[in-house]
Amino acid sequence: MEIIEIKKDQQQYISEIAALESDIFPDPWSEKSIRDTLENPQARIWAIISRQAPPCSCASTAPEHAGKPQLLGYVIFYYVLDEGEIARIATSPQHRRQGVAVRLLEKMRAFSYEQNITRWLLDVRISNETAIHFYKAAGFAEDGVRKNFYANPPEDAILMSCEVETSGGDRA
């Protein structure tokens, strides 16, 4: 697994992120939204890719698929002054519970240290118990609820934040 920063000229990864968005989220970001994010100097998109051959299947045994980078997960992160916001974080379903999201948080921590970012914010659908559990385990606390924040379907958001320990420690 390798962490890369996505740049404007990496259309392959932008397309793969948009495809994963469509597979995972009820309100997916479009390729255009992702490209627009890359135009923002205070935004970063990091992805974890694997250059190993995918698990055996009819399609994956073709020579053109051998060693092709495979998107395992990504994070879209905005920052201003000493605060950062996780706008999106996702792991492909077949790579969940393998440390992908944890590694993305580690990358964010290193970047936060460089940029003097001391606090992370995020919102999460109130029904997304798996994500809420993950964030709490990573050191996030619930700050409140934003009523009817999400559409498609309508749902409340839990607002969460985390003080970032950038000088050691295990908390995210």
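**View 1. R146 has A157 in strand 7 as its bridge partner.** The model is predicted: local features need pLDDT of at least 70, side-chain atom pairs count only at pLDDT 80 or more, and totals for chains, interfaces and linings use all residues. Residues are numbered from 1 along each chain as its sequence is written, and side-chain values use heavy atoms, with hydrogens and water left out. Strand 6 (residues 141-150) pairs with strand 7 in the antiparallel sense, over 6 bridges. Two strands pair if DSSP finds at least two bridges between them. Strands (E, at least two residues) and helices (H or I, at least four) are DSSP runs, numbered from the N terminus. In a regular strand the side chains alternate between the two faces of the sheet.

**View 2. The turn between strand 6 and strand 7 contains N152.** These two strands form a hairpin, with 4 residues between them. N152 is not a glycine, yet its phi is positive, near 60°. N152 is exposed, because its relative accessible area is 56%. Here exposed means over 50% relative accessible area, buried under 20%, and partly exposed in between (1.4 Å probe, protein chains only). A cis peptide bond links N152 to P153, with omega about -5°. P153 sits in the loop between strand 6 and strand 7.

**View 3. N116 lies in the loop between helix 3 and strand 5.** N116 is another residue to check for its backbone angle. Its phi is positive, about 60°, although N116 is not a glycine. With a relative accessible area of 58%, N116 is exposed.

**View 4. K32 belongs to helix 2 (residues 31-39).** K32 counts as exposed because its relative accessibility is 52%. K32 and I14 are 18 residues apart in sequence, but 9.0 Å apart in space, C-alpha to C-alpha.

**View 5. The largest nonpolar core has 27 residues.** A nonpolar core is a set of buried Ala, Val, Leu, Ile, Met, Phe, Trp, Tyr and Cys residues joined through side-chain atoms within 4.5 Å. F77, I86 and F140 touch the most other members. Several elements each supply at least two residues of this core: strand 2 (43-50), strand 3 (70-80), strand 4 (83-91), helix 3 (100-115), strand 5 (119-125), helix 4 (129-137) and strand 7 (155-163). Helix 3 gives the most, with 6 residues. Apart from this core lies another, of 17 residues, among them I14, A18, I49 and L71.

**View 6. F77 touches residues that include W46, I86 and W120.** Contact means heavy atoms within 4.5 Å. Residues up to four places away in sequence are not counted. Other residues touched by F77 include Q42, A43, R44, M108 and F111.

**View 7. The largest pocket has a volume of about 990 Å³.** On a 1 Å grid over the protein atoms alone, a pocket is an open set of points where a 1.4 Å probe fits, with protein on both sides within 12 Å along at least five of seven lines; lining residues have an atom within 4 Å of a point. Grid points are joined across faces, edges and corners, and the volume is the space filled by probe spheres set on them. The pocket is lined by 34 residues, and I89, A90, N128, A131 and Y135 lie nearest its centre. Strand 4 supplies the largest share of the lining, 7 residues. The lining divides into 18 nonpolar, 8 polar and 8 charged residues. Nonpolar covers Ala, Val, Leu, Ile, Met, Phe, Trp, Tyr, Cys and Pro; charged covers Asp, Glu, Lys and Arg; the others, Gly among them, are polar.
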